[in-house]
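Please look through the sequence and the model below with the aromatic side chains in mind.

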Amino acid sequence: MKRFNSFATQLKELIIMEYSKTYVAKDEHIDVQEIMDGLYYPFYMEYCRHDYIREILGFDFETEAKNGIYMVLSNYSISFLRSLKKGDEFKVTCTLYADKGGAPKLHFKQSIIFNNKIMTKAVFTGTCVPATGGRPYLPASVLEKIKGAPVLED
């Protein structure tokens, strides 16, 4: 039993931890002002978030889609604080939060950080829907892994 409790504690810490990946601003993402075009910040956040969902939550988008489960975004808000430039090496973070009202939603707080400064911050909200249509839900396998996740406060 003690071994199981240790595993459960480790799993909970994995869910709550801040997950991060490092990227470099690609030349083709830089606009005429010599800064990264605002269109690309959410893409880097998506790369990190999808890795988190696959590696930590165990939800593989391709496999689940073939099984009739689509994970989709329902909302996001983003704030651009500073601009990245060509060649900047930056970190993208991702932290999972449960829904305050208990709705079948996953909230991901994310930041893009360069030189220890937050460049962009966002909250992405997603859920799952059946490929054939129907109401939003979270699969049991995901619900099990997000037990104990902190709740997103407004």
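In this predicted model, F80 is partly exposed, with a relative accessible area of 45%, a value that falls between the 20% under which a residue counts as buried and the 50% over which it counts as exposed. Y41, by contrast, is buried, with a relative accessible area of 2%. Y41 and F80 form an edge-to-face aromatic pair, with 5.3 Å from centre to centre and 80° between the planes. Because Y41 lies in helix α2 and F80 in strand β2, which covers residues 69–80, this pair ties together parts that are 39 residues apart in sequence.

The count of aromatic pairs comes to eleven. Another of them joins Y19 and Y52, whose ring centres are 5.4 Å apart and whose planes stand at 80°, so this pair is edge-to-face. Since Y19 belongs to strand β1 (residues 19–24) and Y52 to helix α2 (residues 41–55), the contact ties together parts that are 33 residues apart in sequence. Y19 is buried, with a relative accessible area of 6%, and Y52 is buried as well, at 0%. Elsewhere, Y23, Y44, Y47 and F90 form one aromatic cluster.

Helix α2, which contributes Y41 to one pair and Y52 to another, has 15 residues and reaches 21 Å from its first C-alpha to its last, close to the 21 Å expected at 1.5 Å a residue. Its buried residues are Y41, P42, Y44, M45, C48, R49, D51, Y52 and I53.

Strand β1 pairs with strand β3 in the antiparallel sense over six bridges, and V24 stands opposite E89 in β3. Strand β3 also pairs in the antiparallel sense with strand β4 (residues 106–114), here over eight bridges, and the bridge partner of C94 in β4 is Q110. Eight of the ten residues of β3, which covers residues 89–98, are buried, so this strand is largely enclosed by the rest of the structure. A further contact between a charge and a ring is that of K109, which lies over the face of Y97 at 5.3 Å from the ring centre.

Key:
Residues are numbered from 1 along each chain as its sequence is written. This is a predicted model: local features need pLDDT of at least 70, side-chain atom pairs count only at pLDDT 80 or more; totals for chains, interfaces and linings use all residues. Side-chain values use heavy atoms; hydrogens and water are left out. Rings of Phe, Tyr and Trp (its six-membered ring) pair if their centres lie within 6.5 Å; planes under 30 degrees apart count as stacked, over 60 as edge-to-face and the rest as tilted. Helices (H or I, at least four residues) and strands (E, at least two) are DSSP runs, numbered from the N terminus. Buried means under 20% relative accessible area, exposed over 50%, partly exposed in between (1.4 Å probe, protein chains only). A charge sits over a ring if NZ of Lys or CZ of Arg is within 6 Å of the ring centre and within 35 degrees of the ring normal. The expected span of a helix is 1.5 Å times one less than its number of residues. Two strands pair if DSSP finds at least two bridges between them.
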